[in-house]
Amino acid sequence: MSIIIMILLLSFLVLIHELGHFLAAKAFGMKVDKFGFGLPLGPTLFEKKIGETTFLVHALLLGGYVSFPDDEKNCDLPEDSPERFENRPIYQRAIVVSAGVIANVICAFFLVLFSALVWKYLPSGVYNIEIGKIVAPKDASVWSSGLKVGDKIVSVNGTKITNTYSLLNIVQLSKTRDGLVDIDIVEQNYQNIKNLNPALAKNEIIPQDVGVRLPEKIINEKPIVLDSKTAMGITKYEDNQIKLSDKVIQLRNNLQKTIDSRYYLSNGQYTLYDVAQAISDNVHPLNIVIDRKGKYLKLKPIYPTTNGAIGVQLNSKEILRTTDSFFDAFKGSIQYLYQNTYMMLVGLEQIFTGKVPLKDLHGIVAITKVGGDIINNDGLFYGLLLTAIISMDLAIVNFLPIPALDGGQLLFLIIEKIAGRKVGSKVMETIATISFFLLIALMIIVVFNDIWALVTQKL
């Protein structure tokens, strides 16, 4: 039942989007031939002409369209008819093209405001993160740290923890033997090796079977300190580190197997600086402050594994903000949409820059499944709030300057305004066709990801 509700909510968003285009067109006196709810694939469930517009409902509800006379080859309107979309001023066409996006933004706001007024609460985006279970091996540092089940994590290395993503991000960045070493530590180790082996040059290959005296290792115990944006992955973490080559990592592994750690017998493949890198390593402790029954305690350092794990299971519960008055609900709705829209824009930037691989992209199938689970587990208001976020997402995506989307059509209108003439129909048709097939290819990938995630029970 919850999945059916989610499908209806998503269909409602599409209807709102197309209704925006339709109402804007009618307000400017443009003729609309067809208003379709659903995709014109398969059977048509309903068809009726009201005035000059034919209204249709198709079996595949997740879609919609508004068709103008200009779209029809056998249009009976004169070429210079003011009822044609193409004959209207650029600003009017721009408003009609943008009206679907505007409708989705307005819809998103009223969905959040409705939830805030009726439910009297809104999610704050801040979570209580508690330790549900310790599952680490008995020799792991978490056991000697003083951490206990039920402890609430307040901060890690000075970074306030308000969600699991921030915590897991810091833990991942703090894992040992991640192939990164601090440049300053490498330089110190190099100087120490050079002092013990003055006859060897920095970047010359050490002759085979030549013994190299090794200094005592300098371990860099440096906590990873992040601000809130970096912890959330919004901004990139930058540090004074270099990435070890596979060749140097192999040398490091070989040195660990050496019986006498004071010497290295050269195999004729490495330089003195390679050796300095190989004996350098970063150890990033996690200095955790917890809340135990209202009392803040600082634990002994915890050291993540090479996989970036500390061996605990987390329980998280979102803190709700009350919206008892209309002012609180109105203000809270704006803040809620702003925060989530900002995160969506960050996610979009990460997709286009390749930070989020194609295999991690999901679409309508996943949204329906996750939305259904949210409604089933957390209630209808969480489903409405998710629908509001999807409405904003639909607005943002449709506003992208891609020819097959509203943003692409708006881009053509801007070009027309600047150039003083319309973009050639053949050029527009070619670009639109290419964009359409690229979008179809992307949809196939996304649907495959969704189905695979369902089959492998990752959703």
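Let's start with how helices are named here: helices (H or I, at least four residues) and strands (E, at least two) are DSSP runs, numbered from the N terminus. Axes are lines fitted to C-alpha atoms, for helices over the stretch in contact, and angles run from 0 to 180 degrees between N-to-C directions.

Hello everyone! What you see is a predicted model, where local features need pLDDT of at least 70 and side-chain atom pairs count only at pLDDT 80 or more, while totals for chains, interfaces and linings use all residues. Residues are numbered from 1 along each chain as its sequence is written, and side-chain values use heavy atoms, with hydrogens and water left out.

Let's look at helix 9 and helix 11. Helix 11 covers residues 380-398, and its axis comes within 10 Å of the axis of helix 9, crossing at roughly 50 degrees. The crossing is right-handed, meaning that the near helix is turned clockwise from the far one by less than a right angle. Contact means heavy atoms within 4.5 Å. On the helix 9 side we find Tyr336, Leu337, Asn340, Thr341, Met344, Leu345 and Leu348, which meet Leu385, Ile389, Met392, Asp393 and Ile396 of helix 11. These residues divide into nine nonpolar, two polar and one charged. For the classes, Ala, Val, Leu, Ile, Met, Phe, Trp, Tyr, Cys and Pro count as nonpolar, Asp, Glu, Lys and Arg as charged, and the others, Gly among them, as polar.

Now follow helix 9 (residues 326-352) to helix 2: they pack at about 135 degrees, with axes 9 Å apart. Helix 2 and helix 9 are therefore oblique to each other, and their crossing is right-handed. From helix 2 come Ala108, Phe109, Val112, Leu113, Ala116 and Leu117, meeting residues of helix 9 that include Phe326, Phe330 and Tyr336. This contact has 12 nonpolar residues, one polar and no charged.

What does helix 2 do with helix 1? Helix 1 (residues 2-27) and helix 2 (residues 90-119) pack at an angle of about 135 degrees, with their axes 7 Å apart. That makes helix 1 oblique to helix 2. The crossing of this pair is right-handed. Among the residues in contact are Phe12, Ile16 and Gly20 of helix 1, and Val97, Gly100 and Cys107 of helix 2.

Conventions: Parallel < 35°, antiparallel > 145°, perpendicular 65-115°, else oblique.
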